[in-house]
Amino acid sequence: MKFVWPSLRGFTVSHFLTFAILVSVAGGIIWSSAAAREIGNAPTTPSQPVPDNAIFQKPLASDQLSFLSGFAGRSARDVVKDGKYRKIIHSVVPDAPYHYHRDMPLSDALETVLTNAPLPVEIRDGRYAMVSSETERGGGGLGFLWTDMHDGIALGGFSFHPTNGEPTPTLTVFSKQLKDESLELNQLPAAFAQDMYHWAAATGIPPVLTRYFINASGVKIVLEHDEDYCVHPDGSPAPPPDVCDQMNEDAANVDMEAAYFMERTGYASNATARTAVESDQGEWIRLRDETCRIGPDRLKCRIRMTHERTRVLIKRRHAPAAPAPHSPHR
């Protein structure tokens, strides 16, 4: 895939450091295992995940996707106008409402940004098609639809800055081919993660931001960060510890905030902060900060506790309702 460097105007030293880490991730960081991600409790040596394509439902026929190769280098706008490609969009984009300034079908939001701010279509290795956009004028949204023409797998993405009080900025990944209601990035194809990172770096999306996933049922869940930003591949120089450790904590925090937001809004695909109800989150944060106030590594303590809290919030969605109190017969 051709890599396009974003504008460097306004970049600070910290921007360059985080951007370099993101490019390093795109170039081959191996995701940490769930055990290694328990920072402070287990070794941080990464292990190679094995994405399970079996979790994808109803793959597209490869002979119906080969036409995408003919769009290489052309504008994403041209592809979106193609009738065969529009069928792909509606085959893989969930039938769900999405709140982008106002409620609209998710497919409409994607088509809008692909048409208004298109990028050239990229075909990598004769197999992976990335139809994408950059940020719209005025700071609007941007998105992509990634397709594995060999395996018939497709995943979309949409990023923007909500202004209604929810965590921001956000990146929402989606596919009608997935039904899972709990998901981490390492469960998705490694080629997808690589291309998504390249697109994010080229369009100026920060390496750590709130991530969601909308599944086939239109349920919006947290797409957890399972990257370890302090892992450096192929003997490349290690990122500065103060930078990558802070990124790990930021990633843990945004996952927790996203899980909390989705719990408060009922996991709706078009959830807004206006629909939220209060919970016990503030009390827990005070408990975490007090618990980690002393000790040899307060940062890793906060990261570990925050990961644990995120899992509690996610699991609460599937927990059985508490039984009603028993009323004795009179």
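β4 and β5 pair in the antiparallel sense over five bridges. For the terms: strands (E, at least two residues) and helices (H or I, at least four) are DSSP runs, numbered from the N terminus, and two strands pair if DSSP finds at least two bridges between them. Across from tryptophan 146 in β5 stands methionine 130.

This is a predicted model, in which local features need pLDDT of at least 70, side-chain atom pairs count only at pLDDT 80 or more, and totals for chains, interfaces and linings use all residues. Residues are numbered from 1 along each chain as its sequence is written, and side-chain values use heavy atoms, with hydrogens and water left out.

On to β6. The pairing of β5 with β6 is also antiparallel, over seven bridges, and leucine 142 has serine 159 in β6 as its bridge partner. The two strands form a hairpin with four residues between them. In the turn, glycine 152 has a positive phi of about 75 degrees.

Is β5 buried or exposed? Buried means under 20% relative accessible area, exposed over 50%, and partly exposed in between, with a 1.4 Å probe and protein chains only. Seven of the seven residues of β5 are buried, so the strand is largely enclosed by the rest of the structure. In a regular strand the side chains alternate between the two faces of the sheet. Here, Leu142, Phe144, Trp146 and Asp148 are buried on one side, and Gly143, Leu145 and Thr147 are buried on the other.

Now the whole sheet. It is open, with eight strands in the order β3-β4-β5-β6-β7-β9-β10-β8 and mixed pairing. The edge strands, each pairing on one side only, are β3 (122-124) and β8 (183-184). A parallel pair is β7 (residues 170-174) with β9 (residues 210-214), over five bridges; threonine 170 has threonine 210 in β9 as its bridge partner.

Helix α4 (residues 106-116) packs on the sheet and touches β4, β5, β6, β7 and β9, where contact means heavy atoms within 4.5 Å. The direction of α4 makes about 100 degrees with that of β5. Axes are lines fitted to C-alpha atoms, for helices over the stretch in contact, and angles run from 0 to 180 degrees between N-to-C directions. Helix α6 (residues 241-264) also packs on the sheet, touching β9 and β10, and its direction makes about 170 degrees with that of β10.

Last, asparagine 248, which is found in α6. Asparagine 248 counts as buried because its relative accessibility is 7%.
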